[in-house]
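Q: Please go through this predicted model and say on what grounds its features are given their labels.

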Amino acid sequence: MNIVLEYFSIWRALSFFLLASTVVGWGKEGHYTTCSIAQGYLTEDALAAVKALLPGSAEGELANVCSWADEVRWHYHWSSSLHWVDTPDFFCNYNYCRDCHDTSGVNDRCVTGAINNYTMQLMTYVNSDSETNCKYEIPLTDILSSVTHLGFVTDNLTEALMFLSHFVGDIHQPLHVGFLGDEGGNTIIVHWYTRKANLHHIWDTEIIQSALKTFYNADLPTMIQSIQKNIIDDWAFEEWENCNKTVCPNPYASESISLACKFAYRNATPGTTLGDDYFLSRLPVVEMRLAQGGVRLAAILNRLFTSKASIASI
Ligand SMILES: [Zn+2]
């Protein structure tokens with residue numbers, strides 16, 4: 001009897017775990033990977049600043065709050081247009097002045113505008129004063145006066161860090177810079193193997209989930225380690241970040257729409273079935289974009305938070 005009860009409790013615990021991981025797992029793996037890679041490339045100064053700004057729930061790991069911006073999307077309704085920037089239909093290039101606006105046409109309210117905005121806010125962070133050992137901030141008034149009219153300003157630097165980390169990941173997902181008419185692939189319904197799915201979701205989630213199952217024993221840390229190894233061994237990552245300001249998001253958006261045209265939209269018209277051919281040829285693109293998002297997020301945070309004397313190599 002006891003054994004039966006024990007099995008029942010284990011089964012219940014397992015089903016709860018499986019259910020919980022499905023519910024919270026959608027779309028999280030990509031952001032977790034990007035932030036996890038980024039944290040590995042932070043300088044000592046930047047790591048200290050990030051840890052000081054992170055909420056307690058993050059337990060010192062940026063990756064743990066990298067999907068926070070998706071969780072507050074409906075609560076912070078104004079933030080939903082900040083996750084993407086779309087181009088006119090069939091334009092495979094991006095132009096900030098033409099494309100960066102929300103659905104009501106308010107300029108600067110898109111993912112590139114948001115990355116600029118939250119980077120500017122984080123520039124007000126000053127490292128701990130060694131004598132008083134307290135953090136202080138330069139009054140936000142000057143820096144924010146130019147952007148308050150946009151309505152997405154927060155003077156909460158913890159939220160600014162979590163938004164920035166999330167949006168640097170989003171901008172590297174090719175279909176977060178897709179065509180307006182199909183909402184970045186959201187209205188293109190195809191089959192992912194045997195199941196119906198929209199093309200945007202396939203790039204947000206399904207390719208990564210299939211890769212985890214097929215190549216990484218369903219273990220995210222193993223996948224992250226493999227990507228980290230590729231960054232060092234196979235990719236010219238030193239050339240990824242060519243930015244002489246604190247942040248340069250426009251080239252990332254240009255790369256994404258170009259990749260969307262070459263890889264995401266190609267052979268994925270409505271009603272098609274996407275299987276091994278599509279999965280295996282697109283996975284290297286997804287893995288490289290996750291890596292680029294991580295390396296570039298680290299570069300931005302290092303420029304924001306590192307004193308000149310100890311500037312890092314990235
Ligand atoms: Zn997002």
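**The sheet**

A: The sheet is open, with three strands in the order E4-E3-E5 and mixed pairing. Its edge strands are E4 and E5 (273-274), each of which pairs on one side only. Helix H9 (residues 199-215) packs on the sheet and touches E3, E4 and E5, its direction making about 95° with that of E4.

Q: How do you know that E3 and E4 pair, and in which sense, parallel or antiparallel?

A: Two strands count as paired if there are at least two bridges between them. E3 (residues 189-192) and E4 (residues 195-198) have four bridges, so they pair by that cut-off, and the sense is antiparallel. Val-190 stands opposite Ala-197 in E4, and His-191 is opposite Lys-196 in E4.

Q: What lies between the strands in the hairpin of E3 and E4?

A: Two residues separate the strands of this hairpin, in which Tyr-193 takes a positive phi near 55°.

Q: Which residues make the contact of H2 with H12, and how do they divide by class?

A: On H2 they are Gly-30, Thr-33, Thr-34, Cys-35, Ile-37 and Ala-38. On H12 they include Leu-290, Ala-291, Gly-293, Gly-294 and Val-295. Nine residues of this contact are nonpolar, five are polar and none is charged; Gly is counted as polar in this division.

Q: What makes H2 and H8 roughly perpendicular?

A: H2 and H8 (residues 157-172) pack at about 110°, with 9 Å between their axes. Since the class runs from 65 to 115 degrees, H2 and H8 are therefore roughly perpendicular. Their crossing is right-handed. Gly-30, His-31, Thr-34 and Cys-35 of H2 meet Ser-165, His-166 and Gly-169 of H8. By class, this contact has one nonpolar, six polar and no charged residues.

**Confidence**

Q: Where does the pLDDT stay under 50, and what is its mean for the protein?

A: The mean pLDDT is 85, and 80% of the residues reach 70 or more. Over residues 1-26 the value is below 50, and this stretch has one contact in the model beyond near neighbours in sequence. Residues 128-151 also stay under 50, and the model has 26 contacts for them beyond four places in sequence. Where pLDDT is low, the predicted coordinates should not be read in detail.

Technical notes
Residues numbered from 1 in each chain as written. Predicted model: local features only at pLDDT ≥ 70, side-chain atom pairs only at ≥ 80, totals over all residues. Contact = placed C-beta atoms within 7 Å. pLDDT = per-residue confidence, 0-100. Axes fitted to C-alpha atoms, helices over the stretch in contact; angles between N-to-C directions. Parallel < 35°, antiparallel > 145°, perpendicular 65-115°, else oblique. Left-handed = near helix turned anticlockwise from the far one by under 90°.
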